[in-house]
Amino acid sequence: MCMCFPIYIYPHLPHSQKHTILSQRTPLYLIMKTAFTMRPSSSVISLLFFPVLLLLCFSPPTGEARPSFACNPSDVNTRSLPFCQVSLPIPDRVNDLIGRLTLQEKIGLLVDNAAPVQRLGISGYEWWSEGLHGVSNAGPGVIFGGSFPGATSFPQVITTAASFNTSLWKQIGRVVSTEARAMYNGGVAGLNYWSPNVNIFRDPRWGRGQETPGEDPVLASKYAVNYVKGLQEPYGTDGSRLKVAACCKHYTAYDVDNWNGVDRYHFNAMVSKQDLKDTFDVPFRACVSGGKVASVMCSYNQVNGVPTCADTNLLRNTIRGKWKLNGYIVSDCNSIGVFYDTQHYTAKPEDAAAAAIKAGMDLECGSFLTDHADQALKTGKMSELDVNGALANTLTVQMRLGMYDGEPSAQPFGQLGPLDVCSPDNQQLALEAARQGIVLLKNGGSSLPLSPLLHRTIAVIGPNSDVTVTMIGNYAGVPCGYTTPLQGIGRYATAIHQPGCSDVACDSNDMFGAALDAARQADATVLVMGLDQSIEAELKDRVGLLLPGRQQELVSSVAMASKGPTVLVLMSGGPIDVSFANDDPRISAILWVGYPGQAGGTAIADVLFGTTNPGGKLPMTWYPQDYIANLPMTTMAMRSDPATGYPGRTYRFYKGPVVYPFGHGMSYTNFVHTIADAPKAVAVLFGGGHSSSNTTTSGKSIRVAHAKCDGLSVSLNVDVKNSGAKDGTHTLLVFSAPPAGEWAPQKQLAAFEKVHVPAGSQQRVSINIHVCKYLSVVDRNGNRRIPMGEHNLHIGDLSHPISIQAMSLGQIKS
């Protein structure tokens, strides 16, 4: 049976949007809405009013039949070929396969929708699958239906990051890859997942900040490493085999989607060497060096005048050369077309195709290469050896995934199936992740937790009070099911529900009266407010930091009318200026829940009523609205400039007022820190003909490249006491404040640990801080240095000074 939809495909829709539209069978009115709300590039304005009407038919997937596979033992023509021999080293198998391909067959393998090579028993393959926080059909590689109607939808990344729990991140990755493998076995998913997004959440208006682990490079790096390890779950005698292949995106300095007339397709990010090395590249390097990720995606934007997907220094020299990527580099969707058609970086399309391949890009998401690689080869712009080099990287990853090892069911993970998707354990993990990511921002007079005995009726108000899709954010799939905030609260008390606004735009007060009446009747009031994908999303950056429309008016009016405590619950990916609520004593408590995933309603209710003691911490700074008044999103500098009034970005460099700081988060109990032992001085050895003569303002520094870094760490023991009456889990954040200097941040995250402490007890936490990685700074030339002098470690209200001094190898020998 076919489902047919007439749809308009507008020429200016990016490749990713077209794929999403097709894969999700979007109705006509939504496609037209998407088309008209996206800013077209100047080259296609004249085409906007000439849509092409297509009639598309979709056959609903059954998820029952296993697709054909390469190196089938029953195929007498291929089973004995060297590339099918599992006993041979993978490089030998890859070289054999490349040697058997014709040039046209090779070109057909350079794109995400790779063409089949039927004479060698190789089926077509869709590289583009998404697994940002659960298996997703945002890309065409995943199709829900039949035996696989949905997959576990975890909280959006920014929410999960707030847990500061590395083991949780890895565990989520493992579950996502288990469900991905199960769906692959059923023929409805691929094995290459273009996740995670590890860009730095630099500007609070960025619509895709919700997809990231936040603003801090160390936090983003640790998230990246653990999520990638969980997804890939390497195995085999040498650990080179992969459960699925992850991809860290979008490299690099990508954090403007569509702001004030500047979109990601036209944006040229002017970034200093210092900020690239100190901020933007940090999580990507960790992905490759620490996470051993199988792929990196280059972004749409230019960096210092060069498209990232055509930048040899960024791709071939840095990712593959310095960081030693063992995998492939893929373009964001239609990036080559963007830097040719929109950025006009090359004169001819074949020049663009050649520039990308020669720079080190191995695979295109899109069709530009299939259209123009042949001409680039004929004109000598690139060679067949260049193509072979790209294929060697992509085919190696496929070999590591077991895609040329014959019968899939006989391989590791080959028996995973429908029962492994949306399992009770997986869904329980989604609930636990949502609980751990909730941040208690305010709790005046210990108003929370609510009591089921004292608060028998709850007024549940707000445009996000009974939502489903909003809770899973973007790049989400089809969840196993939903529990809304209204449903969650209803399990503890009688809920009196009034939305107050028809949606988050809240452009009318017509529904305020009913909401005020509900608040007057109930024992307590919970307002679930905030944002959704109509306010912040891919291709949509925010215009401000306040609650949209008349939401603030609704909150204040309800708080005035409520006869019991009023709790504000904020659902959003980015920070919101809720200074009014923080300062209003009638608003007893404030929770930020991010986009909490399929079990969000249960998690919110569990925190509200004290079944869960909140332990989340903010992974980004919450700024006042004034912060962005004269601050273009397009200004990339991280450090403040007092001479011009430029305020700087993120907690590391911004010194102005905040609504809530990075790392803020309260508990229903009280934790007290004591440093049990920590060194007072550390010696950094250097030698080999290098000197430490380059200086900072406060004294000398040593380049990390010249220091003896192996084993150079600061070890400290911290006692964490729970002096309250409720068990709790505490996030121990350790910040380093280096000696003052123009290179140095005011402070930076050096370590964090999660510890569960029962009421009235104490736990000792051991922390090791690698001096070269976490007590260093980056100079203007992009060199990482360790400043000599007094560094201060900050843990809560504690400060511990450590003197770092240089010592040459010659001094030791003498």
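Arginine 649 counts as buried because its relative accessibility is 0%, where buried means under 20% relative accessible area, exposed over 50% and partly exposed in between (1.4 Å probe, protein chains only). This is a predicted model, in which local features need pLDDT of at least 70, side-chain atom pairs count only at pLDDT 80 or more, and totals for chains, interfaces and linings use all residues. Residues are numbered from 1 along each chain as its sequence is written, and side-chain values use heavy atoms, with hydrogens and water left out. Of the 814 residues of the protein chain, 61% count as buried.

**Salt bridges**

- The structure holds 29 salt bridges, each a side-chain nitrogen of Lys or Arg within 4 Å of a carboxyl oxygen of Asp or Glu.
- Arginine 649 forms a salt bridge with aspartate 203, with 2.8 Å between the closest N and O atoms.
- Arginine 649 lies in the loop between α20 and α21 and aspartate 203 in the loop between α6 and α7, so the pair ties together parts 446 residues apart in sequence; helices (H or I, at least four residues) and strands (E, at least two) are DSSP runs, numbered from the N terminus.
- Aspartate 203 also counts as buried, at 0% relative accessibility.
- Arginine 208 forms a salt bridge with glutamate 538, the closest N and O atoms being 3.2 Å apart.
- This pair links the loop between α6 and α7, which holds arginine 208, to the loop between β16 and α18, which holds glutamate 538, 330 residues away.
- Salt bridges that share partners join Arg208, Glu211, Asp257, Arg264 and Glu538 into one network.

**Aromatic rings**

- There are 25 aromatic pairs, counted when rings of Phe, Tyr and Trp (its six-membered ring) have centres within 6.5 Å; planes under 30 degrees apart are stacked, over 60 edge-to-face and the rest tilted.
- The rings of tyrosine 627 and tyrosine 654 are edge-to-face, because their centres are 4.9 Å apart and their planes stand at 75 degrees.
- Both tyrosine 627 and tyrosine 654 are buried.
- Ring pairs link Phe164, Trp169, Tyr223, Tyr227, Tyr651, Phe662, Phe735 and Phe752 into a cluster.

**Helix α17**

- In helix α17 (residues 512-521), Phe512, Ala515, Leu516, Ala518 and Ala519 are buried.
- These residues are on the same side of α17 because they cover an arc of only 160 degrees around the axis, taken from the directions from the helix axis to the C-beta atoms.
- The cover over the buried residues of α17 includes β14 (457-461), β15 (494-498), β16 (524-530) and α18 (551-561).

Definitions and conventions:
Contact = heavy atoms within 4.5 Å.
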